[in-house]
Amino acid sequence: MSSVHNRVLSPTELDAFGNELDALRARQLATLGAADARYIRRVVAGVRWTGVAGRALLFLGAFVHSVLIPAWIAGVVLLALSKILENMELAHNVIHGQYDWMGDPQLQGSTYEWDIVGTADNWRKTHNFRHHTYTNVRGLDDDIGYGLLRIFPEQRWRPFYLTQPVVAVVFALLFEWGIAIQDLRLGRWFAGKITFRQLLAQARPVGRKMGKQMFKDYLLFPALAGPFFLPVLLGNVVANLIRNVWTYVIIFCGHFTADAETFPKECVRDESRGHWYLRQLRGSSNLTGGKLMNVMSGNLSHQIEHHFFPDIPANRYAAIAVDVKAICARYGQHYNTGSLPKQFGQVMWRIVRHAFPSRPVRAKAAAVTAQPLPQQG
């Protein structure tokens, strides 16, 4: 459980905190330009050519048996890299509208479709709107446990959660599928709140996308290898699994570490801008690791900055973080960051610990700000 103690802010300080962060955002938006455009186009090229190289090596290994194993391994690694870059640094950031200002139809947040079984339209609803508006608000942010896991003690315990250490592993391997069905909210159907016909109607776009992705990765490209269908099929399967697990790890490290907090619905009632920033800060976790970590995580290694400024190009987050840290320090607010092993270790402990009955620690629930921001633990 978090042992962080943030300084209580007066109403004036809270407004000033929000104003400083708004001003930082405005300065960044005012300087968007050629360097940002070059960066994202390099990412597009990187996704394309690592994907081409990965698939070419899978075919090479299939047809030239003397290099089967090294070519297959290299092909899987490059294909997984392409898929990670596409999902994390390209699609996620483009779908947020970070590059709409360029006027490039291929980089428009409202129309971009990404390389997973889930639809971008559903992601725009569950992630861009619901999660980023109600970050870590219980009952409003469906990303808290994704309907499968109890990660915070404020979540009501049920016997099913005893299985979650195993469920968490399966969820990591199949993460893109969990994202795909998230907006269907199957619990409503199980509870009898919607009919099966209504569920099917909602599921049709997702079903079409699933079919398209499965055809591409598990039929079309393997079929091009002819009699060597199986090695290419296996390569595609493993590349997708690697992408899924990596995405899961990065996202969970950004939201579910020991110092990350959740909030009751009441906290968003008449929420000021300063309060909104404060909630984003306290519900987020960053990762250290340098430029490689930044690129491979889609710059979600700076989850705090992303939650503050989701529409600013993510390649700027590392530089923005310098100012964000300084602002947080001036106002006595904890800036949650740590290495990948440290942060993910905390996530795994939460998953195991809260599989069993537990209660929130209320001892530190003293006033957070002069305008109450209710929280526990």
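This is a predicted model: local features need pLDDT of at least 70, side-chain atom pairs count only at pLDDT 80 or more; totals for chains, interfaces and linings use all residues.
Colleague: Where does Phe228 lie, and which residues does Phe228 contact beyond its neighbours within four places in sequence?

Modeller: Helices here are DSSP runs (H or I, at least four residues; strands would be E, at least two), numbered from the N terminus. Phe228 lies in the loop between helix H8 (196-223) and H9. Contact means heavy atoms within 4.5 Å. With neighbours within four places left aside, Phe228 contacts Ala62, Phe63 and His65.

Colleague: How many aromatic pairs are there?

Modeller: A ring pair is described by the distance of the centres and the angle of the planes. Rings of Phe, Tyr and Trp (its six-membered ring) pair if their centres lie within 6.5 Å; planes under 30 degrees apart are stacked, over 60 edge-to-face, and the rest tilted. By this rule the count of aromatic pairs is 20.

Colleague: What geometry does the pair Phe171 and Tyr248 have?

Modeller: The ring centres of Phe171 and Tyr248 are 6.0 Å apart. The planes stand at 90 degrees. The pair is therefore edge-to-face.

Colleague: How many residues apart are Phe171 and Tyr248?

Modeller: Phe171 belongs to helix H5 (residues 164-173), and Tyr248 to helix H9 (residues 229-253). Phe171 is buried at 6% relative accessible area, and Tyr248 is buried at 4%. The pair links distant parts of the chain, with a separation of 77 residues.

Colleague: Which residues form the ring cluster that includes Phe171 and Tyr248?

Modeller: Ring pairs do the linking here. Besides Phe171 and Tyr248, the cluster holds Tyr146, Phe152, Phe175, Phe252 and Phe256.

Colleague: What is the phi of Tyr146?

Modeller: Tyr146 is in the loop between helix H4 (120-133) and H5. Tyr146 counts as buried because its relative accessibility is 12%. Its phi is positive in a residue other than glycine, near 55 degrees.

Colleague: What is the phi of Asn299?

Modeller: Asn299 sits in the loop between helix H11 (290-296) and helix H12 (303-308). Asn299 is buried, with 3% relative accessible area. Its phi too has a positive value, near 65 degrees.

Colleague: How far is the charged end of Arg55 from the ring centre of Phe221?

Modeller: A charge sits over a ring if NZ of Lys or CZ of Arg is within 6 Å of the ring centre and within 35 degrees of the ring normal. The charged end of Arg55 sits over the ring of Phe221, at a distance from its centre of 3.9 Å.

Colleague: How are H1 and H10 oriented to each other?

Modeller: Axes are lines fitted to C-alpha atoms, for helices over the stretch in contact, with angles from 0 to 180 degrees between N-to-C directions. Under 35 degrees counts as roughly parallel, over 145 as roughly antiparallel, 65 to 115 as roughly perpendicular, and the rest as oblique. The axes of H1 (residues 11-30) and H10 (residues 273-282) come within 7 Å and cross at roughly 75 degrees. H1 and H10 are therefore roughly perpendicular.

Colleague: Which residues of H10 meet H1?

Modeller: H1 brings Leu14, Phe17, Gly18, Leu21 and Asp22 to the contact. On the H10 side are Arg273, Gly274, His275, Tyr277, Leu278 and Leu281.

Colleague: What does Leu85 touch beyond four places in sequence?

Modeller: Leu85 is in helix H3. Leu85 is buried, with a relative accessible area of 11%. Not counting residues up to four places away, Leu85 touches Val47, Leu90 and Val295.

Colleague: What does Gly109 touch beyond four places in sequence?

Modeller: Gly109 lies in the loop between helix H3 (68-95) and H4. Gly109 is buried at 4% relative accessible area. Not counting residues up to four places away, Gly109 touches Val94, Ile95, Gly97, Asp100 and Arg124.

Key. Residues are numbered from 1 along each chain as its sequence is written. Side-chain values use heavy atoms; hydrogens and water are left out. Buried means under 20% relative accessible area, exposed over 50%, partly exposed in between (1.4 Å probe, protein chains only).
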